[in-house]
Amino acid sequence: MRCGGVLCVAALAATVLAISADGARAQKKYDPGATDTDIKIGNIMPYSGPASGYGVIGMTEQAYFRKINAEGGINGRKVTFLSYDDGYNPARAVEQARKLVESDEVLLIFNPLGTPSNSALQKYLNDKKVPQLFVASGAARWNDPKHFPWTMGWQPSYQSEARIYADYLLKEKPNGKIAVLYQNDDFGKDYLKGLKDGLGAKASSMIVAEDSYETSEPTIDDHVVRLKESGADVFVSITTPKFAAQAIKRRAEIDWKPLQIIANVSASVGAVMLPAGFENAQGVLSAAFAKDGADPQWDDDPGMKKFLDFLRKYDPGGNRLDAATVYGYGAAQTLVQVLTQCGDDLTRENIMKQAANLKDFMPDTLLPGIKINTSPTDFAPIDQLQLMRFKGQKWELFGDIMSGKPGH
Amino acid sequence: MELFTNQILAGISTGAIYACMALAVVMIYQAIDHLNFAQGEMAMFSTFISWQLMQWGVPYWGAFILTLAFSFAGGIAIERLLFKPLAKAPILTNVAGFIALYAIINSVAGLIWDFTIKQYPTPFGSSPFLGSQLISTHQAGMIGVTLLMLLFLYFFFQFTRVGLAMRAAASLPESARLVGINTSWMIALGWGMAAAIGSVAGMMIAPVVFLEPNMMLGVLIYGFAAAVLGGLTSPFGAVIGGFLVGIFENLAGTYIPGVGNELKLPIALALIITVLVVKPAGLFGRQIVKRV
Amino acid sequence: MSAVEDVVTEAPVVEAVPKRAMTLGAGTSLVVLALLVLVPVFAKNFIVFQMTMLLIYGLAVLALNILTGGSGQFSLGQSAFYAIGAYTSAILMEQYNVNYALTLPIAGVICFGAGFLFGQPALRLSGVYLALATFALATAMPQLLKLNFFEKWTGGVQGLVVTKPDAPFGLHLSQDAWLYYFTLAVVVAIYIFSVNLLRSRSGRAFMAIRDNEIAASAMGVDVALYKTLAFGVSAGITGVAGGLGAIAVQFVAPDSYTIQLAISLFLGMVVGGVGWLPGSIVGSAFIIFVPNIAEGVSKGLSGAVFGVLLFLVIFLVPHGARQVAVVSQQLLGKLRKM
């Protein structure tokens with residue numbers, strides 16, 4: 001058929017335009033670490049040293065990316081996950097980060113763990129314009145897009161969580177006398193600040209005792225004794241798992257029955273409540289953003305089923321009772337979402353753009369109702385938590401999903 | 001006043017932990033004239049073994065005895081295999097060996113049993129002791145066991161031939177060899193006993209601090225401090241030292257305003273150094289006379 | 001039941017290194033120096049950074065060598081002086097805008113003072129007791145740095161970020177390369193100073209004290225002065241290393257300066273050869289690279305692999321790298337004769 005006239009030219013032109021536009025859309029853009037077939041992701045975890053318990057997060061993420069690769073990769077690209085040990089030492093973290101960025105040429109640094117290590121990395125990575133994405137730490141400083149546009153946190157910040165407790169206390173125990181036990185490091189101090197900020201003007205009148213401890217202390221039993229002396233009826237334990245268990249056990253032993261609030265990092269049934277003794281832990285309060293692998297109430301939950309399936313197939317050594325395993329899965333899933341959203345534009349700039357563009361994303365392991373939302377001014381993906389009370393042998397969630405944003 | 005007595009009692013109950021560990025430290029010092037940094041890790045590993053035995057169904061006291069035997073043998077094995085070859089090396093090289101042993105044991109324990117804390121049973125129960133809420137029956141039991149071990153060590157060193165031979169080998173190896181004492185095996189025996197005592201310490205401490213690979217880190221530092229305070233040559237001093245450190249630290253934390261709480265360990269260590277400057281051999285240690 | 005210590009028959013706490021064998025020969029030294037100077041020309045920035053850290057830790061091990069190998073005082077507390085030096089540099093640079101190069105001598109002097117002061121009560125202690133005292137100092141330092149009282153200078157647990165200097169006079173060098181050459185110059189200067197110190201009268205006094213303290217004092221050596229002097233010098237050099245470390249890593253925080261660092265430096269000294277100054281760099285290489293190798297072998301067991309490798313080293317060469325150097329020197333001598 002002879003193609004004649006304007007119509008034909010128009011059709012031809014349209015086709016050419018369509019093809020070239022498609023071509024423009026399909027134009028791939030890569031930064032170091034990304035190719036047609038491969039995405040290199042860097043990670044830094046404490047596999048040795050005092051915080052080695054958290055190394056499980058890195059190992060879970062490694063297994064998760066194995067699963068992703070087995071299922072075809074992200075947009076057809078396989079993930080190479082390079083995870084190095086920093087022994088929880090900031091100087092070593094800098095060394096490993098430089099190795100990842102300058103020697104291994106990874107596309108981004110994902111879920112590096114530890115506030116001191118990440119503080120050391122923040123300037124370097126921002127100077128080099130490499131994403132420091134989904135930092136595994138609850139410090140408030142990862143949500144500062146104006147000064148550090150390449151750094152983003154993931155979990156609810158310690159201050160958010162503490163503010164939720166403060167809100168609860170102001171409502172339920174406005175005349176309460178609070179005793180605080182906190183770990184003398186960034187984690188403990190950040191929490192304490194959040195608690196005091198949340199209590200506002202009433203902080204100085206409500207908080208009757210404050211005691212700090214070092215992780216080098218074998219036991220915090222004597223701190224608990226001292227805090228009981230203050231006559232408080234609310235006991236806030238800003239402690240990591242081992243010390244939380246000690247605090248619960250000791251508190252029960254000395255027959256002190258305040259309302260006890262423990263930090264989310266220590267709310268693991270298997271790692272804290274069980275060793276502390278279920279009978280001692282009745283009525284303890286905490287908050288959560290993820291499902292507890294030890295809680296049978298999630299056994300039929302579709303998201304949890306996927307997680308357990310993953311453990312069975314790709315991470316048989318992983319412990320479902322360990323909150324770190326659940327955490328690693330959730331964080332990795334969020335990264336995969338970001339990278340999928342990037343499509344073929346795998347530049348570092350686009351990665352940050354997509355990370356700041358998560359709308360109502362719900363990983364399998366977050367509590368129902370808790371959604372990940374980010375924007376160019378909001379670099380805190382998760383800032384919701386739900387309160388829970390320990391009853392029987394597990395946590396009972398109650399109340400609404402609360403947001404830890406100041407002045408909400 | 002009540003706060004004061006409460007703090008003293010709380011200090012005694014924590015001090016019992018240090019006293020227990022200090023005994024093991026003194027034991028190894030008697031044998032090799034130096035402190036073994038891996039002592040705590042060996043105790044931790046033994047405690048894990050006993051825990052594992054109990055997981056497999058062995059009753060508490062059975063596991064206890066088995067672990068004691070295993071630790072004793074293990075201590076001897078480590079000495080024969082790893083430290084006998086280093087006997088002629090400089091002492092600093094030996095210290096590096098202790099550090100290497102520490103790294104190995106800690107890492108292996110972490111791999112086998114992971115880092116989540118585990119509950120560890122106590123044969124003494126956890127109810128208040130004599131009505132006091134500050135000292136539980138377990139802690140009283142721990143103090144009792146420590147005193148028993150102390151008595152045992154006292155009799156061993158003062159009244160048995162082997163004990164005497166060990167002391168001779170440690171203080172004057174040349175002369176000891178001349179009278180027929182096999183100094184090399186005395187060292188091995190010392191290691192074995194230290195490991196066994198350490199395992200008891202671990203099994204007593206675990207119910208309080210919870211079992212995990214890093215549980216002995218803080219305890220060992222305090223154990224050293226207590227042993228040095230009491231006198232490295234005196235098991236009795238080690239136990240007293242442990243209680244003193246526990247009490248002092250607690251009082252410092254309560255009564256020194258501001259920094260007392262944040263500087264507990266440095267203050268405790270500063271106390272010990274002050275004592276050493278005044279009494280270089282510790283409170284109950286034998287005075288060493290240097291003869292050229 | 002003798003409580004008497006026969007000092008003559010007892011094995012020395014620290015092995016004596018003869019003065020002759022304190023350093024490398026002139027030829028070997030120049031070759032090593034030339035190699036070090038050429039590194040940035042061929043290596044990527046990251047490698048240059050690692051080499052800078054190598055030199056910095058080597059400097060700290062050198063300081064420990066002077067203290068332990070030179071004057072026989074056992075110290076597990078060097079991390080405390082390293083921390084003081086690091087924080088001094090960081091605070092001066094960030095809060096008071098002092099030029100980075102100036103902060104180093106200031107850090108050195110402050111640490112010298114700290115070391116000298118610490119040496120005073122340490123005079124009465126030796127062997128395990130001194131080890132415990134220095135250990136106490138090392139564990140106290142991170143806690144002191146976290147104190148609320150000092151927070152407005154130290155940044156508390158959050159630490160301080162330090163700005164890396166650019167190459168001066170518009171030289172076409174990357175920041176890493178410039179810092180490397182600067183560090184190299186400082187290290188070489190201090191190395192020469194240390195060698196001369198140990199060969200001088202003070203050095204001989206140190207070694208006399210190390211070998212037999214009682215005899216030394218009987219011969220008129222002012223034991224108290226020289227022991228505290230050794231502590232001071234060693235602390236001062238460690239402080240300079242700490243300052244350089246702060247600039248290289250661009251960050252200081254209490255958790256960077258724990259007892260782990262002190263133990264690492266100690267291991268570096270042993271592996272390099274106690275008292276053998278050139279061994280400091282071998283020891284430093286060991287503590288920087290072997291943990292990475294161990295991690296490469298097995299992430300879960302990296303501590304165990306490191307321990308095994310350490311054991312291998314001390315079994316094969318109980319006297320450290322110096323033993324290797326001595327043996328190769330002997331071999332070379334034999335070869336020359338043939």
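Q: What is a salt bridge?
A: A salt bridge is a side-chain nitrogen of Lys or Arg within 4 Å of a carboxyl oxygen of Asp or Glu. The model here is predicted, and every value below is computed from it.

Q: Why would such side chains pair?
A: Side chains of opposite charge can pair when their charged atoms come close.

Q: OK. How many salt bridges are there between chain C and chain A?
A: The count between those two chains is 4. One of the pairs is E151(C) with K189(A), where the closest N and O atoms are 3.8 Å apart.

Q: And residue pairs in polar contact, how many between chain C and chain A?
A: There are 10, with both residues at pLDDT 80 or more.

Q: Which elements of chain C give two or more residues to that side?
A: They are three helices of chain C: α2 (45–71), α5 (127–146) and α12 (279–297). The largest share comes from α2(C), with 5 residues.

Q: What classes of residue are on the side of chain C that touches chain A?
A: That side has 9 nonpolar, 11 polar and 8 charged residues.

Q: What area is buried between chain C and chain A?
A: About 2,600 Å² is buried, and carbon and sulfur atoms give 50% of it. The contact takes 28 residues from chain C and 29 residues from chain A.

Q: Switching to chain B and chain C. What is the salt bridge count there?
A: The count between chain B and chain C is 0. For polar contacts, the rule finds 2 residue pairs across this interface, both at pLDDT 80 or more.

Q: So what is on the side of chain B that touches chain C, by class?
A: By class, that side of chain B has 42 nonpolar, 6 polar and 6 charged residues.

Q: Which element of chain B gives the most there?
A: Helix α4(B) gives the most, with 14 residues. Among the other elements of chain B that give two or more residues are α3 (60–83), α9 (216–230), α12 (264–278) and the strand β3 (289–291).

Q: What area is buried between chain B and chain C?
A: The figure is about 4,600 Å², of which carbon and sulfur atoms give 75%. In residues, the contact takes 54 from chain B and 52 from chain C.

Q: Back to salt bridges. How many over all chains?
A: A search of the whole structure finds 29.

Q: Which residues are linked in a network of them?
A: R98(A), E102(A), K164(C) and D176(C) are linked in a network of salt bridges.

Q: Where does K123(A) lie, and D127(A)?
A: Both lie in helix α4 (residues 115–128) of chain A, 4 residues apart, which is about one turn of the helix. K123(A) forms a salt bridge with D127(A), the closest N and O atoms being 3.3 Å apart.

Q: Is D127(A) buried or exposed?
A: D127(A) is exposed, with a relative accessible area of 52%.

Q: What does D211(A) form a salt bridge with?
A: The partner of D211(A) is R226(A), and the closest N and O atoms are 3.0 Å apart. D211(A) lies in strand β8 (residues 207–213) of chain A and R226(A) in helix α8 of chain A, so the pair ties together parts that are 15 residues apart in sequence.

Q: Is D211(A) buried or exposed?
A: D211(A) is buried, with a relative accessible area of 7%. R226(A) counts as buried too, because its relative accessibility is 11% and the cut-off for buried is under 20%.

Q: Which distant parts of the chain do K173(A) and D233(A) link?
A: K173(A) forms a salt bridge with D233(A), the closest N and O atoms being 3.8 Å apart. K173(A) is in the loop between α5 (158–172) and β7 (178–183) of chain A, and D233(A) is in the loop between α8 (221–229) and β9 (234–238) of chain A, 60 residues apart. K173(A) is partly exposed at 28%, and D233(A) is partly exposed at 30%.

Q: Last topic, chain C. What is the secondary structure?
A: The secondary structure of chain C comes to 14 helices and 3 strands. The radius of gyration of chain C is 20 Å, close to the 20 Å that the globule rule gives for 338 residues, so chain C is as compact as a globular protein of that length.

Q: How much of chain C do buried residues make up?
A: Buried residues make up 57% of the 338 residues in chain C.

How values were computed
Residues are numbered from 1 along each chain as its sequence is written. Chains are lettered from A and ligands numbered from 1 in the order in which they are written. This is a predicted model: local features need pLDDT of at least 70, side-chain atom pairs count only at pLDDT 80 or more; totals for chains, interfaces and linings use all residues. Side-chain values use heavy atoms; hydrogens and water are left out. Contact means heavy atoms within 4.5 Å. Buried area is the accessible area (1.4 Å probe) that two parts lose on being put together, summed over both. A polar contact is a pair of N or O atoms within 3.5 Å; within protein, one must be able to donate a hydrogen and the other to accept it, and residues adjacent in sequence count only if both atoms are side-chain atoms. Ala, Val, Leu, Ile, Met, Phe, Trp, Tyr, Cys and Pro count as nonpolar, Asp, Glu, Lys and Arg as charged, and the others, Gly among them, as polar. The radius of gyration is taken over C-alpha atoms; the globule rule is 2.2 Å times the number of residues to the power 0.38. Buried means under 20% relative accessible area, exposed over 50%, partly exposed in between (1.4 Å probe, protein chains only).
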